[in-house]
Amino acid sequence: MPVAKIHVLEGQYDEVRLGKVSKAIQDGLMSALGIPPDDFFQIIHILPRGQFLHTPSFLGLKYSDALILLEIAFISWRPKEKRLGLLKALNDGVVAAAGVSPDDLMIQLYEVPGENISFGRGLAQRAHISERDTKVA
């Protein structure tokens, strides 16, 4: 159920390049988390300079105008190693697909309980996923 929100600066990415970024993100989610191909939800935000603000550098990283801010929300239950593997898979794939510096992909992962997600009809179709995690703990 991952939902990916891709934020980029206007004028930096055409449709073809954005398509490559989109595919790399989906491929990373499938390989690192094992999600099925039809579990595909993405929102692409192309923002004017006045609405896409960031520092030129942070923590020894240097950001260019090609910076991609990627937010991914998914149901919580995966171990830390899987999440760290996802960060690496996403960076490797997006950097190669978009032709950007490894510094130019900032990723934020958001984990939410399955009972907080409805895929439609107001039902929490994946509530049982988070429940199994709490039973193990």
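**Figure 1. Salt bridge between D65 and R49.** D65 and R49 form a salt bridge (a side-chain nitrogen of Lys or Arg within 4 Å of a carboxyl oxygen of Asp or Glu), with the closest N and O atoms 3.0 Å apart. D65 lies in the loop between β4 and β5 and R49 in the loop between β2 and β3 (57-58), so the pair ties together parts that are 16 residues apart in sequence. D65 is partly exposed at 33% relative accessible area; buried means under 20%, exposed over 50%, and partly exposed in between (1.4 Å probe, protein chains only). The model is predicted: local features need pLDDT of at least 70 and side-chain atom pairs count only at pLDDT 80 or more, while totals for chains, interfaces and linings use all residues. Residues are numbered from 1 along each chain as its sequence is written, and side-chain values use heavy atoms, with hydrogens and water left out.

Figure 2. Helices (H or I, at least four residues) and strands (E, at least two) are DSSP runs, numbered from the N terminus. D27 is partly exposed at 30% relative accessibility, and K23 is exposed at 52%. In helix α2, K88 and D92 are likewise four residues apart, about one helical turn, and their closest N and O atoms are 2.9 Å apart.

**Figure 3. The largest nonpolar core.** A nonpolar core is a set of buried Ala, Val, Leu, Ile, Met, Phe, Trp, Tyr and Cys residues joined through side-chain atoms within 4.5 Å. The largest has 25 residues, and those with the most contacts inside it are Y13, V21, I25, I68, L70 and I72. At least two residues each come from β1 (3-9), α1 (15-33), β5 (68-75), α2 (80-98) and β6 (105-112). Helix α1 gives the most, with seven residues. Leaving aside residues up to four places away in sequence, V21 touches I6, Y13, I68, V94, A97 and A98 (contact means heavy atoms within 4.5 Å). A second, separate core of five residues includes L47, F52, Y63 and L67.

**Figure 4. Surroundings of Q42.** Q42 belongs to strand β2 (residues 41-47). Its side chain makes a polar contact with the side chain of S22 at 2.4 Å; such a contact is a pair of N or O atoms within 3.5 Å, and within protein one must be able to donate a hydrogen and the other to accept it, with residues adjacent in sequence counted only if both atoms are side-chain atoms.
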